[in-house]
Amino acid sequence: MLNKLVLSFFLLLINLVSPNVFSEQLYFNKTQVGDKTKFEYKWQNNNARPYSLDFELNTKAINSDFRHFKSLTPSRLQMYSVKKLKQAASQLDPRKGSVKIKPSYQGVEFEFKSTSREWMEQQSVTLKNVYDSSLKDYLHQEYYIEFQPIGYRGNSSTLSYKPDHVRFAKESADSLAPIIKRLKKILPRANARRTAIFLLSWLQTIPYSTLESRTQSNGSGFSPPIKLISNNKGDCDSKVTLMASILKAMYPRLRVAIIYVPEHALIGLNVSHLSTDYKLQIDGLDYTLAEPTGPRMIKFSEISERSKKFIESGMYQTEIF
């Protein structure tokens, strides 16, 4: 009897001191129901309180939304730009000169032949504009945006690319509507803060996929919201995007921010806050921060010491929508 009491006390002590003990899903199931796919979840928060959530998503949306999204490779980006440049170069008057387009590691170079220096300078500007425009067109087509790497590693002036998380969040709203409908039913009259607390505990228990380097992976590893749900796995960028998408669709007037620190992302919400909240001021407004990533369960309005270190030293960037 004494041994059982000692064992029970020991297990209770582990539950009290271990920050990750309730960080796993208790149950996940995905089943086909006609033209819908039903998702069922059960989990516990850091106070051992049980939660559950179920909803049905359109199977066609799961299979088709962002189906062509893939990591961005420099070779495909350059190939698209060179094609546009060659089309523009074919329109030049051969009596005035010619141009050879030479792809390089840094982009492209132009080699002109003409007796008119003025003509070469004019065409150089024209082709440079075509090149810049083609980059923007291709990035938009592939759901990427230019991204200035946070100045913690390498040359901070180097331009990189990353998935357009804000656009993914906005364009996912329709497909995620059944989740929003379900949340409104189980959380009637809940404000944005209360809903965020619920979503946070759910997302933290979804299995975590390590974030590939944002500045080096060119989007590999990122899962658009509906893909994250379907695969039941996601990195920090993916989980933040999903949480932002749901909250913005539920509360259109809510200001939402994505905060990027080295190899990590957090969410910020301009909600009613408590004096104990960890907040970040952006453009004169206070955003309460949270970390949907997991696997450790961190309470809403609290963030990890690592995140605090970067934010308080100014090593972060933000996107607001």
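Modeller: Helix H7 (residues 192–205) and helix H9 (residues 236–250) are roughly antiparallel to each other, because their axes cross at roughly 150°, and an angle over 145 degrees counts as roughly antiparallel, one under 35 as roughly parallel, one from 65 to 115 as roughly perpendicular and the rest as oblique. The model is a predicted one, in which local features need pLDDT of at least 70 and side-chain atom pairs count only at pLDDT 80 or more, while totals for chains, interfaces and linings use all residues. Residues are numbered from 1 along each chain as its sequence is written, and side-chain values use heavy atoms, with hydrogens and water left out.

The names H and E stand for DSSP runs numbered from the N terminus, with helices (H or I) of at least four residues and strands (E) of at least two. The axes of H7 and H9 come within 11 Å, where an axis is a line fitted to C-alpha atoms, for helices over the stretch in contact, and angles run from 0 to 180 degrees between N-to-C directions. H7 passes H9 in a right-handed crossing, a term for the near helix being turned clockwise from the far one by less than a right angle, anticlockwise being left-handed. On the H7 side the contact (heavy atoms within 4.5 Å) involves Ala192, Thr195, Ala196, Leu199, Leu200, Trp202, Leu203 and Gln204, and on the H9 side Lys239, Leu242, Met243, Ile246, Leu247 and Met250. These residues divide into eleven nonpolar, two polar and one charged, where Ala, Val, Leu, Ile, Met, Phe, Trp, Tyr, Cys and Pro count as nonpolar, Asp, Glu, Lys and Arg as charged, and the others, Gly among them, as polar.

From here we can turn to the sheet. Five strands form an open sheet in the order E10-E11-E9-E8-E12, with antiparallel pairing, and two strands are said to pair if DSSP finds at least two bridges between them. E10 and strand E12 (317–320) are the edge strands, each pairing on one side only, and the twist from one strand to the next averages 35°. H9 packs on this sheet, where H9 touches strand E8 (256–261) and E9, and the direction of H9 makes about 15° with that of E9.

Within the sheet, strand E9 (residues 264–269) and strand E11 (residues 285–290) run antiparallel and are joined by three bridges. Leucine 269 has threonine 288 of E11 as its bridge partner, and glycine 268 stands opposite leucine 289 in E11.

Serine 307, in helix H10 (residues 305–312), counts as buried because its relative accessibility is 1%, buried meaning under 20% relative accessible area, exposed over 50% and partly exposed in between, with a 1.4 Å probe and protein chains only. Leaving aside its neighbours within four places in sequence, serine 307 is in contact with His264, Leu266 and Glu291.
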